[in-house]
Amino acid sequence: MSSGTARAYTNIALIKYWGKKDQALVLPMNNSLSLTLDAFYTETTVTFSDDFPADQFYLDEKLQDQKATAKISNFLDVLRDKHQVKQFATIKSQNFVPTAAGLASSASGLAALAGATSAALNLNLSSQELSRLARRGSGSASRSIYGGFAEWLQGTDDQTSYAVPIASDHWENELTMLFMIVDDQEKAVSSRDGMQRTVETSAFYQGWLDSVPHDLAKAKKAIHEKDFTALGEVTEASSLKMHGTTLAANPPFTYWSSESLRIMQFVQQLRAEGFACYSTMDAGPNVKILLERKNEEQLIATLKEKFPEKQLVVAHAGPGIEILTKEDVNP
Ligand code: ADP
Ligand code: DP6
């Protein structure tokens, strides 16, 4: 019997990943750039044993059905095939983040799974190897290996597609991301299905793709120069463009609800009044707001007054993946 445990934090993309050029290998159509956050994370333990007759996957202490377990088994097979491991595994994972609600549980979940599995098999992987492995489970997970800012380099094959940290002189610690929770229930269209449908059918997809290199360069320059306005502008632009592609998909869809729109419009109004804050959204109706940490208290008070019924979560830059020993694990 061998066992490993890891904790990984979610990340939110400032320049979005939206679409794959290879489904099986999870190779993206474009580079993406993210900020790892401290508020949401996953802890996962993987145990391999000769005694297990099949893989068993528990999420939040509930035994998962065949479909959810098959996804995990497929991921484990990547390592089992490579390292001639014949044993089945029991996977126990705890999400300290709502699952499948557009709050990036797939990023923390699959990064933690990659870390726990490699620890259980004593693989001693480098961060780059771990990022490549996490990518096979979920693209955005490749970025959760690192704390702070990370860029996922799309690459051309399994070997060349992985995330790298972006040097920032700790500027990320001066930023805040506020999560306005509109709905934390599971969404109707997963990011995996949503992006595939968009790549295959959206008339706007090529426009999105063509715009990414410029946005990415602007984001990296903004981080280098600690230029919050430039980073905020490009963050909001990348999100709006990504969500624009879904409207032109067939069948069309959107992750926005009327509440999401209300919040995004309020963010724009605040900016017009001189308050620097910018919105971003993922595959779900929740809105994230990027701002400078020094303005955090003021914005929280304003948002609580405007949207008293909404749950608000405050996040700051979070650490990279942590391989845990028994003593570290929450009881
Ligand atoms: P989200 O916005 O939460 O990332 P996605 O639809 O992108 O939503 O991904 C949700 C999927 O990620 C789940 O259906 C499940 O397959 C996977 N996932 C989430 N949490 C975990 C976890 N802790 N361990 C393994 N897989 C997970
Ligand atoms: C909108 O990484 O969840 O959050 O690779 O199919 O598992 P798969 O998709 P996933 O997609 C994330 C999409 C996004 C943007 C982003 O995180 O870059």
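Me: Two strands count as paired if DSSP finds at least two bridges between them. What makes S5 and S6 a pair?

Reply: This is a predicted model, and the pairing is computed from it. S5 and S6 share 2 bridges, in the antiparallel sense. The cut-off is at least two bridges, so S5 and S6 count as paired. Strand S6 covers residues 62–63. One residue opposite another here is Leu59, which faces Lys62 in S6.

Me: What lies between S5 and S6?

Reply: A turn with 2 residues between the strands, which makes a hairpin. Asp60 sits in that turn, and its phi is positive, about 50°.

Me: How do you know that S5 also pairs with S7?

Reply: Count the bridges again. S5 and S7 have 4 bridges, in the parallel sense. At least two are needed, so S5 and S7 count as a pair. Strand S7 takes in residues 88–96. On this side, Leu59 stands opposite Ser93.

Me: Which residues of S5 are on the covered face, and which on the uncovered one?

Reply: S5 runs over residues 56–59. Phe57 and Leu59 make up the covered face. Gln56 and Tyr58 make up the uncovered face. In a regular strand, side chains alternate between the two faces of the sheet.

Me: Why is Thr36 called buried?

Reply: Thr36 has a relative accessibility of 0%. Buried means under 20%, so Thr36 counts as buried. Thr36 belongs to strand S4, residues 32–49.

Me: Which residues is Thr36 in contact with, leaving aside its neighbours within four places in sequence?

Reply: Among them are Tyr9, Asn11, Arg143, Gly148, His316 and Pro319. Tyr146 is another of these contacts.

Me: What makes Thr36 and Tyr146 a polar contact?

Reply: A polar side-chain atom of Thr36 is 2.7 Å from the backbone oxygen of Tyr146. The limit is 3.5 Å, so the distance falls within it.

Me: Now the ligands. How do you know that Lys71 makes a polar contact with ligand 1?

Reply: A polar atom in the Lys71 side chain is 2.8 Å from an oxygen atom of ligand 1. That is within 3.5 Å, so it counts as a polar contact. Asn95 has a polar side-chain atom 2.9 Å from a nitrogen atom of the ligand. For Ser106, the side-chain N or O atom is 2.9 Å from an oxygen atom of ligand 1.

Me: Which element gives the largest share of the shell around ligand 1?

Reply: H2 does, with 4 residues. S5, H1, S7 and H2 each supply at least two residues. By class, the shell has 8 nonpolar, 9 polar and 2 charged residues. Lys71, Ser93, Ser105, Lys187 and Ser191 come nearest among its 19 residues.

Me: What makes Ser140 a polar contact of ligand 2?

Reply: The distance is 2.6 Å, from a polar side-chain atom of Ser140 to an oxygen atom of ligand 2. This is within 3.5 Å, so the pair counts. Ligand 2 exposes 460 Å² when taken alone, and the protein buries 94% of that.

Me: Which helix gives the most to the shell around ligand 2?

Reply: Helix H4, residues 191–201, gives 3 residues. The shell divides into 7 nonpolar, 5 polar and 5 charged residues. Of its 17 residues, the nearest are Tyr17, Lys20, Ser138, Gly139 and Ser140.

Notes: Residues numbered from 1 in each chain as written. Chains lettered and ligands numbered in written order. Predicted model: local features only at pLDDT ≥ 70, side-chain atom pairs only at ≥ 80, totals over all residues. Heavy atoms only, no water. Near = heavy atom within 4 Å. Polar contact = N/O pair within 3.5 Å; in protein donor to acceptor, adjacent residues only side chain to side chain. Areas by Shrake-Rupley, 256 points an atom, 1.4 Å probe, with all protein chains shown as cover. Nonpolar A, V, L, I, M, F, W, Y, C, P; charged D, E, K, R; others polar. Buried < 20%, exposed > 50% of the residue type's maximum accessible area, 1.4 Å probe, protein only. Contact = heavy atoms within 4.5 Å.
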